[in-house]
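Work through the exercises below with the sequence and the model open. Each task is followed by its solution in steps.

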Amino acid sequence: MIRKGFFSLLILVNTIGIYAQSTKVYTQIPSDQIQATASSELQGATAIMAVNSEGMNGDMHIAHNLGHKMWTSQASTKKVRANEFTREGIVWFMCEIGSNSAPAHIDLIRIWNDNQSQHTRRGLRKVYIEYSIDGKTWKLLRNNGLDYHVINESKGQNPEPANFTFDTGGIKAKYICFTADADGNGNYYDPKDKYIIREAADMQQNVNYYGLSEIRFYKKEDRQISKLTPLNKMSFVASQGYLKTDKGPTREYTLKFDAPLFCGGQLDFDINGRKWTENIKPSAIGISVMEGRFPAGYMEESAEVSVKLRSKQGNLSDSYTVLGARRWNLYFLPHSHLDIGYTHAQDDVMKLQWRNFERALELAERTANNPEGSRFKWNSEATWALMGYLDHYKGTEKGDKMIQAIKDGIIGVDASLGSILTGICKQEELTHMFDDAHRISGLTGVEFNTAMMSDVPGQSWGMVTAMAQNGVKYYSSGPNYVPFYGKVGNDRAAHLHVKWGDKPFYWLSQSGKEKVLFWQTGRGYSWFHGWLINRLSACGVTPIWEYLTDLESKEYPYATTYLRYTVNGDNGPPDQWMPDVIKEWNEKYESPKFYIGTTKELFTEFEKQYGDDIPVYGGDITPTWEDGAASTARELAMNRESSERLNQTEILWSMLNPGQYPANDFLQAWKNVVLFSEHTWGASASGPEPESEFTKKLWAGKKLYADNADMQSRRLYTDVFSEIKTAKGGYIHIFNTNLWKRTDVVTIDNDNDLIGKVLESPSGEIVPLQKLHDGRWIFMAKDIPALSSVAYKITDDKRKKLNVSTMINDNILDNGIIRVEIDKIKGTISSFTKTGEEYNYASEGGLNDYIYTERYAENPQWVENIKRIIVLDDGEVAATLRVESDAPGCRSLWRDIMVYKELGRIDILNTIDKENIYKPENVRFIFPFNIDHADIKMDLAMGDMHPERDQLAGVNKNYYSIQNGISASNLSHGIYLTTIDAPFVELGEMTSDVWRKEGGGLGWWSSALISPKIYSWVMNNSWRTNYKASQEGIATFRYSLELFDPFDQQLKKQGTEQAQKMIAVVSDKPVGIDNLFRLKGKNQISVSTIKPSDDGKGYIIRLLNLNDQSVHSSFIWGSMQADEVYFCDHNQQKTGEFEDSSFWLKPYECITLKVISKK
């Protein structure tokens, strides 16, 4: 009992002692007792904002991206003074302190300099501090022996601690004036530093602005410890860095308290039995964050650390899990993200990127003697600007210097032309995004095996084959990453950051024959932009440690990782201070090892270390940004047609005139096609400022790529027939550029009047001609052999008068194979059957319905009543009904429905005369098929895809980008929908932009909806940036519907036939062109391309197996007369032997061959 009483007394005495004790504390003078004026100020950044604590969170300042909640002067170039008694300077800032006329006692001044991101150099630097009791008599607050003070530049962190703290020694003042030096040292735009001044010019910054974020004044007081805010909680974070110390590598940690610690105290640590103590000295300012070190030694395993604080402000004890910190190798890949537009006109972007290359070479020279890791290198990201530079400076010192830098590995060349919307690219178009890389390789003698794309999330599966066929082994993907979206990382990237960020894998082609090492950087390409964490010299190592800790927590298995490094926004220049930071970090830290590197260096080293352990996945990384291209539906359709025309015309040149093949003209045309598919569509403010001159200028530049590609492809198409085509010839040549025999309707490529004429086939069969309502002539060409032409003779129609049976009966089309009925109210195809059968392939409201909605598929509107159905054509070959109607969002809508004798196909041509509408809108055509439990297959470049099962996790499942068509089938019925002009489809529901509704990127579907109800999403303006805000005028969309046997599906073959029709030209030559070659047996092997080889000795042939089964075949040579055949690479060099008399292709396998021809 006595002992218990003694301890109670002891506790009481201690408690009384604490209550009796006091400590020195700086107490802030309340902000509402301070008024502020300045020499000048900007609206929204007035003087009072630098003293009213609006931007403060505790002792940290939170910057506003527009510079609000801080003070910014107007541009200041003349000397000023606050009054006749104060010093002269470039700007001044005056504080009046206290709630009455009495002066205040001030012991401490703390200043948070201007920390607006990318504008920290506005912050005051060399200042004179004067104070006065009455505003007339002023004293200079000296800095030891100096009459001025230097306020440190803010690092631009968010939040930012105080940059200046000064103990006044105790002054009394009513007024305090801060006057910035007028001799070039008033802010951090140092006129003597050429790099600072140059960067200011790059960013169009006026160096004559000055600013402060916050000023606070304090009085030192004795404060009873019992009255201090008690400590209730602390947090503990271990870094991923090991400092170099005399005792060995030492890991750092950060301890944060929930209230300022004034009294000091003792910290006791225990980690796996290793104990140590740290003493914290009392601080009148208060300690909220404390940094310390673990005992020396590597800590590569997770452990529990016990932390105990003993302090007069409270005793705390907690345990924390400390993740291991491995010996990291961290690569930084410096580059500039290429936006061909958006913030600058296209020509200006080219010049900006040239500037970037020259700055990179300059920086590489300056750091050439740096230690390994800190020598500067630069990645091209793309070849568009680099090729432009080499062309412009060909044969000059600049050009030679660039070539040498590429040879020396200072400039790493990433092979893609730009960051491309691969989902809208046609098959051969994908392969041509690397053409400039091959040209640069020829100039430098360096092979480029990396590709890098930024911004765009997701890539079409066919990219694997396209890259592999072009020598690309490594692919760095860098979608936008925005930290405030959390783990999702980007609201427009589906779940790609969650599922694939920093999870490198070999991306396997659909054939399984090719693979590319795919690595999506976990922090995107723009993490170091000013509005995010800022450049390395500003953000410091803290976010680097957080990133590496995140990898540790995710059980990332490798010791090597990388970060893309771009600063100052898209098209921004190199960071002049980056190598200095990396050098300093490598000198300071034993681990990580920091490297400035190229994509090639990183991937090569990573594969060397871990190649055997990297996982392999195959599937479509269905992209998410492609939909914006439907904001310019007419140009999108035109460019897709140009791509197909170029592809087909290459084959025609091989058939007709290989010796005169205009290779350079084709390369330029292909380049324009790909440039239209590049992700930058227009201006950043295309939504809010659609009619500004800048917005219109950027769209005109973008549209020019499509216009040029159209013009160039048409000229190449016209020229190929120059030796065979005549205006008044007596024959029609039908060209089949496919690798199988074809029967189809053909349109004559001529304006000849063929009234009273028929065609006679080589076998003597009379082939009727029909003139359509638009003046074109068509006929049915049968059994045209592969890769050849057949000549039909034009002759007089000597047949007796024929009673041509009509295929039209009111609103019904029936050609004896299929029967189509059009709804007289809505204009949809209400019935689609085989003639004589009852099974209707159309369901719900019918096929080819029109629907117009606002954003999120809200307020849907349909065609309620059509105007009329009229007969356009009804002849021996074809019959067409036109459905005319008004339609929401349009001035008019025409839907032409055409059938042909002897074909079981419906062709549809929908023509929209679009109104100019800026509010969010979507236009779709709907095809609800009556296929229960449907299997859905989509045509992709180099293969096809079943939604969900052929997609990787986390990709876009709200909408899809397809090549030429889509099929719905079960074991009983099957139907093809070919959609040549409009690549975007949805299944079951209108889901394309509903992800926006939930916000934060959480609305993307995690699994695919499988449905035979197919929406063709043809127009939208959902983006409000980059893509167009409206589209007006005529746009046409071609569709085909054809039934098929579910046990003999040939989707890609069907799509290819619709995208590349047989061609008919008038000629005076009576004999057709012999076939180049054919393949033996029944198969679905297609020619992806045929073109004359660069050396003039033969041809390049790319074959693709369109089937999901392996095939065996052999070449049967025709006019090509092969002397030697072998596998070749993108340089057309031999890579292996090929047996043309017997070969196998795996499902969807693509091979490229070189044929040395006798001819």
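**Exercises on a helix and on salt bridges**

H2 is followed by Gln204, whose phi is positive, near 55°. Helices (H or I, at least four residues) and strands (E, at least two) are DSSP runs, numbered from the N terminus. The model is predicted: local features need pLDDT of at least 70, side-chain atom pairs count only at pLDDT 80 or more, and totals for chains, interfaces and linings use all residues. Residues are numbered from 1 along each chain as its sequence is written, and side-chain values use heavy atoms, with hydrogens and water left out.

**Exercise 1.** Find which residues of helix H2 are buried, and work out how they are arranged around its axis.

*Solution.*
Step 1. Apply the cut-offs: buried is under 20% relative accessible area, exposed over 50%, partly exposed in between (1.4 Å probe, protein chains only).
Step 2. In H2 (residues 194–202), Tyr195, Ile196, Glu199 and Ala200 are buried.
Step 3. Viewed down the axis of H2, these buried residues fall within an arc of 135°, so they line one face of the helix; the arc is that of the directions from the helix axis to the C-beta atoms.
Step 4. As background, an α-helix has 3.6 residues a turn, so residues three or four places apart point the same way.
Step 5. Exposed Lys194 and Ala201 sit on the face of H2 turned away from its buried side.
Step 6. The cover over the buried residues of H2 includes helix H3 (346–366).

**Exercise 2.** Identify the residue that caps the N-terminal end of H2.

*Solution.*
Step 1. Look for a side-chain oxygen that lies 3.0 Å from the backbone nitrogen of Tyr195.
Step 2. That oxygen belongs to Asp193, the capping residue.

**Exercise 3.** Locate the salt bridge of Lys377 and explain what the pair ties together.

*Solution.*
Step 1. A salt bridge is a side-chain nitrogen of Lys or Arg within 4 Å of a carboxyl oxygen of Asp or Glu; the structure holds 63 of them.
Step 2. Lys377 pairs with Glu601 at 2.5 Å, N to O.
Step 3. Lys377 lies in the loop between H3 and strand E24 (378–379) and Glu601 in helix H13 (residues 599–610), so the pair ties together parts 224 residues apart in sequence.
Step 4. Glu601 has 31% relative accessibility and therefore counts as partly exposed.

**Exercise 4.** Is the pair Arg882 and Asp896 buried or exposed?

*Solution.*
Step 1. Their side chains meet in a salt bridge (2.7 Å, N to O).
Step 2. Arg882 is in strand E48 (residues 878–887) and Asp896 in strand E49 (residues 890–900).
Step 3. Both Arg882 and Asp896 are buried.

Notes: Contact means heavy atoms within 4.5 Å. A polar contact is a pair of N or O atoms within 3.5 Å; within protein, one must be able to donate a hydrogen and the other to accept it, and residues adjacent in sequence count only if both atoms are side-chain atoms.
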